[in-house]
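Take a look at the charged side chains here. Where do they pair up, and how accessible are they?

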Amino acid sequence: MKKIVVLGSTGSIGTQTLDVIARQPEDFEVVGLAAGLNVNLLLEQVRQFKPKWVSAANEALADRIRSEVPSDVKVVHGDAGLNEIASQSGADYVVCALVGSLGLTSTLAAIEAGADIGLANKETLVTAGHLVMRRAKEKGVSILPVDSEHSAIFQCMNGENRQAIKRIMLTASGGSFRDLGREQLKNVTVADALKHPNWSMGAKVTIDSATMANKGLEVIEAHWLFDLPYDQIDVVLHPESIIHSMVEFADTSVMAQLGNPDMRVPIQYALTYPERKVSPASPLDLLAMGALHFRKMDFDRYPCLRLAYEAGREGGTSTTVFNAANEIAVSRFLKSEISFLAIEEIIERVLSKHNFVAAPSLEAILETDSWARIEASAIE
């Protein structure tokens, strides 16, 4: 049995991961669960999966959990707890489904312990891709993509000569406001932004989808996962979200991975690779779909995607700043402190002010991340 730790177990990806695991009890043992503030759901998960390790956001929540679980369950908390559960629980596979850059140090801790990684947290590679991928290679650890787009690319590349790849094409739904012009975006609300037309996701990712920052993060993640230059990574608008991504080869052949928008499919593939097992997802009926549509990406309409490409090409600490500023800006929008269009303005302003470091250490990355968050919080 594969021993699994799920970091971010109460979030959208975490709960769907546990749904997949629950359907295959003969294949997986959950040895650790880590969550933030949703302690009630975490306790339900602990009762169902009976892990030996549990991590909560803070000491008070950890104390509550400790009072309600068997005495042989080790309960930890905070960033140190995440690192501990990722590296010391005996897991051979860690699903990183934490939101934002919170996943970086715990992913590195899991790699140090020799655990394979199911990566749903794109910010880890955006923030420190050079460190994560290098250390994974040194430790002989596999990093398997959980994002639907990267899973699609991974599947299309299987068995292929990497030198024959001309480009990859990440598909984008366009998010909640894909049919609105820039003028119409001035007065959109948080409630409007959270109505994604295709996917069921957490609040932060749903807002990122509307700004296209999410696709920008995916572009940077793809650069590191597949070792491709940015000129070989394209984004195509595809409103139906049926083609999850494509790979074009030197002979002009294009391979695509298709399926209904259900995150349990890429989650399960990352968990069972290289095997394929029966999925709870609904099968795709192309005849019922009737037609698939595609549109060219408009970088003027989606400035966050342009900023992500620019930060990616510059490299170094630029991607760390892009991610941190975006996280703070999205958080402020969700609290109705700023307008929707202010998200991109904050990212651009923080990027323009930062002191660039070409090959940052982990310490420099964490310092830059902290600086960018403070700057993004202070912009009116």
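R135 is partly exposed, at 27% relative accessibility (buried means under 20% relative accessible area, exposed over 50%, partly exposed in between, with a 1.4 Å probe and protein chains only). Its side chain meets that of E138 in a salt bridge, 2.7 Å from N to O. The term stands for a side-chain nitrogen of Lys or Arg within 4 Å of a carboxyl oxygen of Asp or Glu. R135 and E138 sit three residues apart in helix α6 (residues 122-139), so about one helical turn separates them. Helices are DSSP runs of H or I with at least four residues, numbered from the N terminus.

This is a predicted model: local features need pLDDT of at least 70, side-chain atom pairs count only at pLDDT 80 or more, and totals for chains, interfaces and linings use all residues. Residues are numbered from 1 along each chain as its sequence is written, and side-chain values use heavy atoms, with hydrogens and water left out.

Now move to helix α9 (residues 203-211). K204 and D208 lie four residues apart there, about one helical turn. They form a salt bridge, with the closest N and O atoms 2.6 Å apart. Are these two residues buried or exposed? K204 is buried, with a relative accessible area of 11%. D208 is buried too, at 1%.

Next comes R23. It forms a salt bridge with D19, the closest N and O atoms being 3.1 Å apart. R23 is partly exposed at 47% relative accessibility. D19 is also partly exposed, at 24%. The pair belongs to a network of salt bridges that links D19, R23, D262 and R264.

Across the whole structure, a search finds 27 salt bridges.

Definitions and conventions:
Helix = DSSP H or I, 4+ residues; strand = E, 2+ residues; numbered from the N terminus.
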